[in-house]
Amino acid sequence: AFRWRPASGRGVVHSATTVRRRPDAGGDYGVCLIDLDEGLRLMSCVDGVAPQDVRIGMPVVARLRSEAGARRLSFEPAPGAAHG
C-alpha cells in the first residue's frame, strides 16, 4: 500500500549519462538516476552543471522549475558539493 509523506528533497546521484544531440536540436543534456534520502530512486536531471560534470555520489537537492507553463522536478548540486 502506498501513502503520501513529506520528502526532504535531498539525494545523491546513483547513475548519470549524457544524451548527445546536434546543437540545432537543443544540444546535449544529462539524464540521471537519483537516490532520495527517503529510499526511493527516480529519473531526472541535474541542472546548473554541464552533463559531463555530474558525478556518481554527488549530493543534490530537488527543485521545481516552471517551463512552458508546466512544472518539472529537477535537481541541482547541494551547497558545497564538488563537481567539474
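**Figure 1. Arg63 and its salt-bridge partner in the predicted model.** In this predicted model, Arg63 is partly exposed, with a relative accessible area of 36%. Arg63 forms a salt bridge with Glu76, and the closest N and O atoms of the two residues are 3.2 Å apart.

**Figure 2. The salt bridge between Arg65 and Asp47.** The side chains of Arg65 and Asp47 meet in a salt bridge, with a distance of 2.8 Å from N to O. The pair links distant parts of the chain, 18 residues apart: Arg65 is in strand β4 (residues 59-67), whereas Asp47 is in the loop between β3 (41-44) and β4. Is Asp47 buried or exposed? Asp47 has a relative accessible area of 17% and is buried, because buried means under 20% relative accessible area. Arg65, with 26% relative accessibility, counts as partly exposed.

**Figure 3. The network of salt bridges.** Which residues are linked in this network of salt bridges? They are Asp47, Arg63, Arg65, Glu67, Arg72 and Glu76. The links between Arg63 and Glu76 and between Arg65 and Asp47 were described above. Side chains of opposite charge can pair when their charged atoms come close. The structure as a whole holds nine salt bridges.

**Figure 4. The salt bridge between Asp35 and Arg41.** Here the side chains of Asp35 and Arg41 meet in a salt bridge, at 2.5 Å from N to O. Asp35 is partly exposed, and its relative accessible area is 21%. Arg41 is partly exposed as well, with a relative accessible area of 49%.

**Figure 5. The five-stranded sheet.** In what order do the five strands form the open sheet? The order is β3-β2-β1-β4-β5, and the pairing is antiparallel. β3 and β5 stand at the edges with a single partner strand each, so one side of each has no neighbour in the sheet. On average, neighbouring strands of this sheet are turned by 35° against each other, direction ignored.

**Figure 6. Strand β1 and its two partners.** Strand β1 (residues 10-19) pairs with β4 in the antiparallel sense over three bridges. In this pairing, Val12 stands opposite Pro59 in β4. β1 also pairs with strand β2 (residues 29-36) in the antiparallel sense, over eight bridges. In β2, Leu36 is the bridge partner of Gly11.

Figure 7. How many bridges join β4 to β5? Eight bridges join these strands, which run antiparallel. In β5, Arg72 is the bridge partner of Arg65. Both Arg65 and Arg72 also belong to the network of salt bridges. Ala68 lies in the loop between β4 and β5. Although Ala68 is not a glycine, it has a positive phi of about 50°. At 89% relative accessibility, Ala68 counts as exposed.

Conventions:
Residues are numbered from 1 along each chain as its sequence is written. This is a predicted model: local features need pLDDT of at least 70, side-chain atom pairs count only at pLDDT 80 or more; totals for chains, interfaces and linings use all residues. Side-chain values use heavy atoms; hydrogens and water are left out. A salt bridge is a side-chain nitrogen of Lys or Arg within 4 Å of a carboxyl oxygen of Asp or Glu. Buried means under 20% relative accessible area, exposed over 50%, partly exposed in between (1.4 Å probe, protein chains only). Helices (H or I, at least four residues) and strands (E, at least two) are DSSP runs, numbered from the N terminus. Two strands pair if DSSP finds at least two bridges between them. Axes are lines fitted to C-alpha atoms, for helices over the stretch in contact, and angles run from 0 to 180 degrees between N-to-C directions.
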